[in-house]
Amino acid sequence: MGRFGAVAAAYAVFQALFGVLPDDLSGSVSRYCISALGGIAVGSVTFLSAALLQARAARNAAVEAVRDAPGPLPAVVEAACTGLAAELASVEDAGRGRLTGWPHSLGEGDPPVRPTAYGTVYGLLISLELGLPDARLRTSDLVDTLWRLRLDGGGWAARSQGAMARAEVTALVLGALARAGADPVRLAEEAAICETLLTQDRDPSGYDVSFVVTTVIRGLLKAAPSAAALPRLRDALVDGAVVDPERRHLHAWGSRLTAPRGETLAPTAVHTAQAVVALERAAKTLGEDRQARLVREDGIRWLLSCPQEEHTACPDLANKYGVVRRRSPLDPDQREQLTVRHFGAAWLARALMSTGAREVAAEDLHEDVWQRQLAGAVGSVWAQQQDGIWRWADGDLDRPLWMTYQGLSVLRRHALLVYRPHP
């Protein structure tokens with residue numbers, strides 16, 4: 001009946017009722033009224049049913065269209081690729097030959113700007129992370145440049161550190177070269193040098209900095225997973241955890257691994273997240289004893305116990321500055337100062353997306369808290385990019401390549417984490 005439309009259905013019911021109602025039902029007027037009411041009722045129901053079916057069909061079509069349409073991430077990746085390619089520098093260096101890569105930040109001076117190890121290694125990492133198809137970003141050229149930028153005597157340093165190799169930059173470069181498939185024999189030789197750069201005797205200041213230790217752990221795990229220094233550095237990181245009475249007496253990490261005399265270390269979200277990531281990666285390669293697992297899981301619970309109800313702009317997501325001050329091993333009167341910037345939301349998201357974080361959240365029945373905090377962290381990461389390039393809040397070097405790498409890496413990992421195939 002429905003296929004004839006609401007009017008046809010109403011008329012059909014009217015005719016049927018009028019034909020079957022008895023003639024003595026209070027005259028013809030009553031028969032007409034009852035038949036008309038019945039027809040109107042059926043017609044209304046038919047009209048509403050048809051409207052409901054049409055609305056459902058439209059909604060399902062809209063859902064399928066959204067489901068099949070590409071999200072915004074591919075556009076951001078394409079914009080990042082375009083931005084990187086546009087500022088790729090290729091210069092001839094008198095001492096090191098052809099250098100192809102980037103300086104520390106995009107937009108530094110008039111092109112071409114001489115590539116640095118720190119900028120080029122993050123450009124290489126972006127290319128490897130995303131599998132960029134742009135022929136202008138050739139992995140082989142970037143790898144070759146990093147080897148050319150190796151310091152005399154081995155190792156790498158940031159531009160502000162001069163000609164003295166530092167463990168954190170060396171480990172970062174080695175990790176990227178390992179991901180790019182560099183010669184393992186050559187990597188092992190450089191990894192052995194990196195191990196000697198970070199010891200309590202040679203670099204006591206760096207050995208006490210959470211950022212330095214976690215960076216070296218992550219780099220060596222990629223380049224030389226059997227390095228003898230890894231268990232030592234892992235244990236130093238575990239021993240450097242502090243108990244925070246403000247968050248249920250859980251273990252967490254501050255910017256340093258030992259407190260200055262007469263002071264108390266204040267844990268921070270960014271350093272705790274860095275420690276959690278490094279310890280989980282170390283556990284997969286080196287194994288994990290009870291104490292290491294305890295402090296790692298405590299660090300996750302510390303991150304999940306943020307007291308803020310709203311996790312889109314809580315203090316745990318804030319970007320942080322840090323300073324690494326060192327004495328030169330060659331000249332005790334010479335001081336070196338390295339300013340370090342930490343992408344707070346990216347580090348929190350990376351820690352929360354770890355396997356350990358998901359396991360702890362499920363074990364503690366806090367999966368809803370985990371989901372809210374992760375959504376807030378990823379949303380904050382997304383908000384800090386413009387046309388695929390991430391921007392620091394202020395200063396001349398406001399588009400550092402390391403920040404774009406961390407932003408893209410987080411978004412890619414999150415996309416893989418939440419992906420759900422549909423029939």
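This is a predicted model: local features need pLDDT of at least 70, side-chain atom pairs count only at pLDDT 80 or more; totals for chains, interfaces and linings use all residues.
Residues are numbered from 1 along each chain as its sequence is written, and side-chain values use heavy atoms, with hydrogens and water left out.

Let me begin with the chain as a whole. The chain has 16 helices and 8 strands, and of its 423 residues 49% are buried, where buried means under 20% relative accessible area, exposed means over 50%, and partly exposed lies in between, using a 1.4 Å probe and protein chains only. If we take contacts, meaning heavy atoms within 4.5 Å, and look at those between residues at least 6 apart in sequence, 63% of them join residues at least 24 apart.

Thr196 itself is partly exposed, with a relative accessible area of 40%. Thr196 and Ala229 are separated by 33 residues in sequence, and their C-alpha atoms are 8.6 Å apart in space.

Next, the interior. In soluble globular proteins, nonpolar side chains tend to be buried together. A nonpolar core is defined here as a set of buried Ala, Val, Leu, Ile, Met, Phe, Trp, Tyr and Cys residues joined through side-chain atoms within 4.5 Å. The largest such core has 112 residues, and the members that touch the most others are Tyr122, Trp156, Leu177, Val216 and Leu237. Helix 11 (residues 269-286) supplies the largest share of this core, with 9 residues.

Now to a pair of helices. Two packed helices are described by the angle between their axes and the distance between the axes. Helix 12 (residues 290-304) and helix 14 (residues 355-363) pack at an angle of about 70 degrees, with 10 Å between their axes; the axes are lines fitted to C-alpha atoms, for helices over the stretch in contact, and angles run from 0 to 180 degrees between N-to-C directions. These two helices are therefore roughly perpendicular to each other, given that 65 to 115 degrees counts as roughly perpendicular, under 35 as roughly parallel, over 145 as roughly antiparallel and the rest as oblique. From helix 12, Arg296, Glu297, Ile300, Arg301 and Leu304 meet Gly356, Ala357, Val360, Ala361 and Glu363 of helix 14.

Which residues does Glu108 contact, leaving aside its neighbours within four places in sequence? They are Pro103, Val113, Arg159 and Leu397. Glu108 lies in the loop between strand 2 (97-101) and helix 4 (117-130), and Glu108 is buried, with a relative accessible area of 14%. Its side chain makes a polar contact, at 3.1 Å, with the side chain of Arg159, and also reaches the backbone nitrogen of Ser105 at 2.8 Å. A polar contact is a pair of N or O atoms within 3.5 Å; within protein, one must be able to donate a hydrogen and the other to accept it, and residues adjacent in sequence count only if both atoms are side-chain atoms. Pro112 is also found in the loop between strand 2 and helix 4, and the peptide bond from Pro111 to Pro112 is cis, with omega near -5 degrees.

Some backbone details deserve a look as well. His249, in the loop between strand 3 (242-244) and strand 4 (250-252), has a phi near 55 degrees, a positive value in a residue other than glycine, and His249 is exposed at 53% relative accessible area. Asp387, in the loop between strand 7 (385-386) and strand 8 (389-390), likewise has a positive phi, near 55 degrees, and counts as exposed at 59% relative accessibility.

I will end with two buried helix residues. Ala85, in helix 3 (residues 73-86), counts as buried at 9% relative accessibility. Ser210, in helix 9 (residues 210-223), is buried with a relative accessible area of 2%, and Ser210 touches Gly254, Ser255, Arg256, Leu257 and His271, not counting residues up to four places away in sequence.

Technical notes. Helices (H or I, at least four residues) and strands (E, at least two) are DSSP runs, numbered from the N terminus.
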